[in-house]
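Subject: Handover of a structure and its findings

Dear colleague,

Please find below the structure that I am passing on to you. My findings follow it, and I would ask you to read them with the structure open.

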Amino acid sequence: LQSSTMAKVGDPKVNGTEIDIIEFFSSDRQSMFSNLHWDGYGNEHKKVGSQHKDPSLPEGWHVVGLEWTSDEYRFFLNGKEVWKTTEALSHVKEYIIFSLEVRKWAGDITKAKLPDSLLVDYVRVYSK
């Protein structure tokens, strides 16, 4: 998830937070990473994150979720909570992004098995 003002430095409640519900890298196929980024991507950039190992990740379909309230973020894999935090809580609208990353931090592209794909069966968004 991303806000249109996340690049501003200051309060993430007001500016928003990049909320990476799941990141999955071919270099560690049994790990799900969830991350939060705020205060832009320059010198003031801040982040926190979590790594959850699960041997079932490379195979089949998985249900990934985020419960985002005014008090906390709770991240889920297949119905099981894998991380929660009260850090960098956004109180602004965010939009959904699906992406396959090609960056040095995402792994050496020359070692990737290409072509690659990202398959999404459905997205559900609920409001309390």
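Trp 68 counts as partly exposed, because its relative accessibility is 31%, a value between the limits of 20% for buried and 50% for exposed. Please note that the model is a predicted one.

Trp 68 forms an aromatic pair with Tyr 73. A pair of aromatic rings is described by the distance of the centres and the angle of the planes. For Trp 68 and Tyr 73 the centres are 6.3 Å apart and the planes stand at 40°, a tilted arrangement. Tyr 73 also pairs with Phe 75: the ring centres are 6.4 Å apart and the angle between the planes is 50°, so this pair is tilted. The structure holds 3 aromatic pairs, and ring pairs link Trp 68, Tyr 73, Phe 75 and Trp 83 into a cluster.

Is Tyr 73 buried or exposed? Its relative accessibility is 0%, and therefore Tyr 73 counts as buried. Phe 75 is buried as well.

Tyr 73 and Phe 75 lead on to the nonpolar core. In soluble globular proteins, nonpolar side chains tend to be buried together. The largest nonpolar core here has 13 residues, and Tyr 73 and Phe 75 are among those with the most contacts inside it, as are Ile 19, Met 32, Leu 36, Leu 77 and Val 82. Three strands, β2 (28-38), β5 (73-77) and β6 (80-85), each supply at least two residues of this core. Leaving aside neighbours within four places in sequence, Ile 19 is in contact with several residues, including Leu 36, Trp 68, Tyr 73 and Phe 75. Asn 35 and Glu 94 are also among the contacts of Ile 19.

Nonpolar residues are found on the surface too. Ile 96, Phe 98, Leu 100, Leu 118, Val 120, Val 123 and Val 125 form a nonpolar patch there, with about 650 Å² of accessible area together. Val 125 lies in the segment after β6 and counts as exposed, because its relative accessibility is 66%.

Finally, I draw your attention to Val 14, which lies in helix α1 (residues 12-15). With a relative accessible area of 54%, Val 14 is exposed. Apart from residues up to four places away in sequence, Val 14 touches Thr 5 and Val 92. Between Val 14 and Lys 104 there are 90 residues of separation in sequence and 30 Å in space, taken from C-alpha to C-alpha.

Yours sincerely

Note on methods: Residues are numbered from 1 along each chain as its sequence is written. This is a predicted model: local features need pLDDT of at least 70, side-chain atom pairs count only at pLDDT 80 or more; totals for chains, interfaces and linings use all residues. Side-chain values use heavy atoms; hydrogens and water are left out. A nonpolar core is a set of buried Ala, Val, Leu, Ile, Met, Phe, Trp, Tyr and Cys residues joined through side-chain atoms within 4.5 Å. Buried means under 20% relative accessible area, exposed over 50%, partly exposed in between (1.4 Å probe, protein chains only). Helices (H or I, at least four residues) and strands (E, at least two) are DSSP runs, numbered from the N terminus. Contact means heavy atoms within 4.5 Å. Patches are made of residues with over 30% relative accessible area and no salt bridge: like charges are joined within 9 Å, nonpolar side chains (Val, Leu, Ile, Met, Phe, Trp, Tyr) within 5 Å. Accessible areas come from the Shrake-Rupley method with a 1.4 Å probe; for residues, only the protein chains shown count as cover. A salt bridge is a side-chain nitrogen of Lys or Arg within 4 Å of a carboxyl oxygen of Asp or Glu. Rings of Phe, Tyr and Trp (its six-membered ring) pair if their centres lie within 6.5 Å; planes under 30 degrees apart count as stacked, over 60 as edge-to-face and the rest as tilted.
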